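Open the structure in your viewer and keep the selection tool at hand. Each stop below says what to pick and what is there.

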Amino acid sequence: MPVKAIVAGAAGRMGKTLINLIFNNPEIDLVGAFEHPEHPAVGKDVGEVVGLPKTGIIVEGSLEKVIEKGDVIIDFTFHKASLENIKINAKYKKAYVLGTTGFTKEELEEIHQLAKQNFPLVQDYNMSMGVNLLCKLVEITAKVLAEGYDIEIIEAHHRMKKDAPSGTALKLANVIAQALGRSDKDYRFCREGIIGERTPKEIGIQTIRGGDIVGEHTVLFAGIGERIELTHKASSRETFARGAIKAAIWVVGKEPGVYGMQDVLGLRNL
C-alpha cells in the first residue's frame, strides 16, 4: 500500500514541487494539503494550485482539517508555522518529515522533545542525497586533515531566502565540529575590519545571496601549499523534494524519535 502523505505549504515553491513528484511516485499518495488560513489557495483544488488536472483534493487552511487522513506530513514552510504544526501533530502521532530551516536552538529542542515522546521525525537541514553524501565526505576529510588546515564553508542561495547562514551550512559545520571535537563557539560567521590572524580552530561560514541560485555549498580545507574543496551544487528544488519523499516513505512505522537523512540513506555508520 502506498504511504498516505499530507503536504504543508502546498502553494509554496517546495510544496508545489513535492506535490508534482508525489503524483508520479507509485510508493506514495497525496491525501491532503494545507496552507496558511489566509492564503488565496485555500479552498482550491490542489491540481489548480500546482498546475495539474483537478485531483479532488482541496487545499485546507490548517493541518487539523486533514491530519487524520494521512500517515506522514511533509513540511517545508516557515519555522514558526512548522513549530505550530509539530505541536498539533504531537496529539495525533503521525510520522513527520521536516525540511524547514531557521529554527532557534530552543525551538529545535522543543521539536525534538515532542518527537521523542510522540512520533517519528526525520528532521534535516537538507534532504538532498548528494548533500548528505557530501556530509560524510566532509566528516572523513576533517578527520584526516585535523591539523594544519583551515576550514571555511561558503554557501550561496537565491535572493528570496529568509535565513542566513543556510541550514545546510550549519549542518556541515556541525559535522566538522563533531569530527574535530569543536563546538559552535568556534564558528565565525563574518569578518570585517582589523580582525587579527585567523585562529586555528575557526570554522568559517560565509553567505552569498543573489538571483535564483537554488543552493550551492563548498567546504574548503586550506593548508600550506595546497587546498581541497568539496562542493555540492543544486540546479533544481526537485533534488530536495525527492529526498523528502524518500524520507516520508522510510519514516512511516518507525519508533518515536529524531532521525536524519543519514539514517534514511544508510550513511550513519559508514
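## A salt bridge to begin

Select Glu-229 and Arg-227: their side chains meet in a salt bridge, 2.9 Å from N to O. The term stands for a side-chain nitrogen of Lys or Arg within 4 Å of a carboxyl oxygen of Asp or Glu. Glu-229 is partly exposed, with a relative accessible area of 46%. Arg-227 is exposed, at 59%. Buried means under 20% relative accessible area, exposed over 50%, and partly exposed in between, with a 1.4 Å probe and protein chains only.

Before moving on, note that the model is predicted: local features need pLDDT of at least 70, side-chain atom pairs count only at pLDDT 80 or more, and totals for chains, interfaces and linings use all residues. Residues are numbered from 1 along each chain as its sequence is written, and side-chain values use heavy atoms, with hydrogens and water left out.

## The two domains

Now color by domain. Domain 1 takes 3–127 + 237–265, and domain 2 takes 129–234. These bounds come from an automatic or database domain assignment. Their centres, taken over C-alpha atoms, are 28 Å apart. Select the interface: 16 residues of domain 1 are in contact with 17 residues of domain 2. Contact means heavy atoms within 4.5 Å.

An unreviewed entry lists "domain: Dihydrodipicolinate reductase N-terminal" for residues 4–127. That span is 35% helix and 21% strand, and its end C-alpha atoms lie 19 Å apart. Helices (H or I, at least four residues) and strands (E, at least two) are DSSP runs, numbered from the N terminus. The annotation "domain: Dihydrodipicolinate reductase C-terminal", also from an unreviewed entry, covers residues 130–265. Here the chain is 35% helix and 26% strand, with 10 Å between the end C-alpha atoms. UniProt positions are given in the numbering used here, feature names are shortened, and annotations may be inferred rather than shown by experiment.

How many salt bridges does a search of the whole structure find? The total is 16. Side chains of opposite charge can pair when their charged atoms come close.

Pick Lys-171 and Asp-124. Their salt bridge spans 2.6 Å, N to O. Lys-171 lies in helix α6 (residues 167–180) and Asp-124 in the loop between β6 (120–123) and α5, so the pair ties together parts that are 47 residues apart in sequence. Are these two residues buried or exposed? Both Lys-171 and Asp-124 are buried.

Next, select Asp-150, Glu-152, Arg-188, Arg-191, Arg-198 and Glu-202. A network of salt bridges links them.

## Along helix α5

Go to Lys-143 and Glu-139. The closest N and O atoms of this salt bridge are 3.2 Å apart. Both residues lie in helix α5, four residues apart, about one turn of the helix. Lys-143 counts as partly exposed at 48% relative accessibility. Glu-139 is also partly exposed, at 21%.

Then show Leu-133, Leu-137, Ile-140 and Val-144 as a surface. They form a nonpolar patch with about 370 Å² of accessible area together. Patches are made of residues with over 30% relative accessible area and no salt bridge: like charges are joined within 9 Å, nonpolar side chains (Val, Leu, Ile, Met, Phe, Trp, Tyr) within 5 Å. Accessible areas come from the Shrake-Rupley method with a 1.4 Å probe, and for residues only the protein chains shown count as cover.

Center on Ile-140. This residue sits in helix α5 (residues 129–144) and is partly exposed at 46% relative accessibility.

## A buried Phe

Select Phe-221 in strand β10 (residues 215–222). Phe-221 counts as buried because its relative accessibility is 0%. Beyond its neighbours within four places in sequence, its contacts include Val-138, Thr-141, Ala-142, Leu-145 and Tyr-149. Arg-227 from the opening pair is also among them.

## Backbone stops

Which peptide bond is cis? Select Ala-164 to Pro-165, where omega is near -10°. Pro-165 is in the loop between β7 (150–157) and α6.

Finish at Lys-93, in the loop between α3 (79–92) and β5 (95–98). Its phi is near 60°, a positive value in a residue other than glycine. Most residues other than glycine have a negative phi, and most peptide bonds are trans. Lys-93 is partly exposed, at 46% relative accessibility.
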